[in-house]
Amino acid sequence: MNEERKMNKTSRRKFLNFIIGGGLLGWIASVFYPVFSYLVPPKIPEANVNSIKAGAITDFSPNTGKIVKFGRKPVILIRMDDGEFRAFSATCTHLDCIVQYRQDIKQIWCACHNGTYDLNGRNVSGPPPKPLEEYTVKVANDEVTIINPAG
Amino acid sequence: MKMNWKTNKIYEWLDKRYELTPVIEFMSKKKVPVHKHMIWYYMGGVTLFLFIVQVLSGILLLLYYRPGADTAYESMRFILTKVNFGWLVRSIHSWSANLMIFFVFVHMFSTYFTRAYQKPREITWVSGFLLLLLALGFGFSGYLLPWNELAFFATKVGTDIVGAIPFIGKPLMLVLRGGDDVTGATLTRFYGFHVAVLPAIFTTFLVLHLLFVQRQGMSEPEHLKNLPDAKKKWMSFFPNFFLRDALLWLIVLNVLLFLAVFYPWDLGFKADPFAPAPAGIRPEWYFMFMFQTLKFLPAHILFLEGELVGILAFAIAGIIWMFVPFWEVRPQGTAKIHFMNIAGMAALIYIIIFTIVGYMV
């Protein structure tokens, strides 16, 4: 009889511990879930930019590069020696710096960690692990248009 | 203690309520061992002094600084050009920040080489290491606040490195940046970290760290521990050591003012998210050795990205360093060379060489 009561008592204690412990965990979760959710910034709807007008041909002289705004992303527009235009994402694939066109070596260069890309966007030296994403450039009626091939 | 009648009355009133006598008794009995390496005892105090300078000058800057991509740089220029002594307060804040990190490193390595981290001061060492990490966090977040070109790209790189950590990296980067890119939202967050989150955590750990030191007293170096008590020399903490501390603080304050006045800190150019990174982009000097290491790593090591390998290596090294008191290798028998000295020297030389190389390349 006594033994039975003892057994009953421990299982009751176990049960209460479980309920209180579980309640505590639930309480902690209900406090921290909103806090962590608050920390994650909401997605700001991005205007879907598929193409932009970069300017007139005459704005760009051969052997130069310029950073243009493509929506919220920087894109580098390069006019090569032969007058041909090329455009790439200007965000270095290494650590997110913004690249520039180097007239002396005729390559795309990132000042942060000395990474270089050739004029096909391929990473040719330094730390960048991936090539730069290429954008399509169309020239019509003396106007340069950059088009996102993925969009 | 000699006190006039009035202070005596006040003291009695307080003592009845808060039992001050045992505390004063404890403090009056505090002793500091006197020996040839005792100069290192002052390094933590200097760091503490510079932290106090940081708090005070930081509060002054808060009165005019306005966070935000369109206001931060402009408000800094206002502080530097229009506010009375604004240039001085800002320059003191920047110089004191750098000196503080420098003295944190001096304090840490002197603790390491004198083996003051040994039992019973393991937790003091760990709390000190956490304070170092928090101080680096202060440096990193504060660097962005003027919203200039160099800081903008340094923050882009720094937070991108965080993003390379497996699993938690990407969400952590998002939380740090307040979005996918470094923008005004990042500035707001860094401002919050710099003036509220970090000071609260830092102060907590600092109080603990100081309490531990007060409770246990200064550590005696090994050669002193083995001396008979009669041969040991002591100095009482109050007032002898305390006054020496105060004198050194005064000297440091003068050096700080000299640097702040004659080498005022530059503001640089305003950050432009659509301009190429300028040549010569570099982080603060205390991140230089890590930055330079990452620069030397190839794009891929085996199947991993070079960056990731570098970050993991530094993280592991940091954890090993943090737990030094718990895995310390003691010399066997009468060995002349101590493994811990070699390991410490290797770390120190690595940091110094890579910092110098970073500035030369």
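**Working through a two-chain model**

Student: What does the secondary structure of chain A come to?
Tutor: Chain A has 1 helix and 10 strands, where helices (H or I, at least four residues) and strands (E, at least two) are DSSP runs numbered from the N terminus. Keep in mind that this is a predicted model, in which local features need pLDDT of at least 70 and side-chain atom pairs count only at pLDDT 80 or more, while totals for chains, interfaces and linings use all residues. Residues are numbered from 1 along each chain as its sequence is written, and chains are lettered from A and ligands numbered from 1 in the order in which they are written.

Student: And what pattern does chain A follow along the sequence?
Tutor: Reading along the sequence, you find α-β-β-β-β-β-β-β-β-β-β.

Student: Which strands make the open sheet, and in what order?
Tutor: In chain A, 6 strands form an open sheet, and their order is S1-S10-S9-S4-S3-S2, with antiparallel pairing. Two strands count as paired if DSSP finds at least two bridges between them. At the edges are strand S1 (51-56) and strand S2 (64-70) of chain A, each of which pairs on one side only.

Student: How many bridges join S4(A) to strand S9?
Tutor: There are 2 bridges between S4(A) and strand S9 (residues 134-140) of chain A, and these strands run antiparallel. If you want to look at a particular pair, A:Ala87 has A:Tyr135 in S9(A) as its bridge partner.

Student: Where does A:Thr93 lie?
Tutor: You will find A:Thr93 in the loop between strand S4 (85-89) and strand S5 (100-102) of chain A.

Student: Buried or exposed, how does A:Thr93 count?
Tutor: A:Thr93 counts as buried because 20 C-beta neighbours lie inside 10 Å. The cut-offs, with C-beta atoms placed from the backbone, are 20 or more other C-beta atoms within 10 Å for buried, 12 or fewer for exposed, and anything in between for partly exposed.

Student: What does A:Thr93 touch?
Tutor: Leaving aside residues up to four places away in sequence, A:Thr93 touches A:Asn123, A:Pro128, A:Pro129, A:Lys130 and A:Leu132; contact here requires C-beta atoms, placed from the backbone, within 7 Å of each other. Of these, A:Pro128 is 35 residues from A:Thr93 in sequence, yet their C-alpha atoms are 5.6 Å apart in space.

Student: Changing topic, what does the secondary structure of chain B come to?
Tutor: Chain B has 15 helices and 4 strands.

Student: And what about the boxes the chains fill, taken along the principal axes?
Tutor: For chain A, the C-alpha atoms fill a box of roughly 100 × 35 × 20 Å, whereas for chain B the box is roughly 70 × 60 × 40 Å. As for burial, 26% of the 151 residues of chain A count as buried, and in chain B, which has 361 residues, buried residues make up 28%.

Student: What share of contacts joins residues at least 24 apart in sequence?
Tutor: Taking contacts between residues at least 6 apart in sequence, the share that joins residues at least 24 apart is 38% in chain A and 76% in chain B.

Student: Which peptide bonds in chain B are cis?
Tutor: One of them runs from B:Lys119 to B:Pro120, with omega near 10 degrees, and B:Pro120 lies in the loop between helix H5 (86-113) and helix H6 (122-144) of chain B. Another cis peptide bond joins B:Phe238 and B:Pro239, with omega about 0 degrees, and B:Pro239 is placed in helix H11 (residues 237-262) of chain B.

Student: What is phi at B:Arg115?
Tutor: Phi of B:Arg115 is near 55 degrees, which is a positive value in a residue other than glycine. B:Arg115 is in the loop between H5 and H6 of chain B, and it is partly exposed because 19 other C-beta atoms lie within 10 Å.

Student: And what about phi at B:Trp147?
Tutor: B:Trp147 is not a glycine, although it has a positive phi of about 55 degrees. B:Trp147 sits in the loop between H6 and helix H7 (149-163) of chain B, and it is buried, since 26 other C-beta atoms lie within 10 Å.

Student: Last one: how many residues of chain A are in contact with chain B?
Tutor: On the chain A side there are 19 residues, in contact with 23 residues of chain B. The scores for the model are ipTM 0.80 and pTM 0.89.

How values were computed
Two residues are in contact if their C-beta atoms, placed from the backbone, lie within 7 Å.
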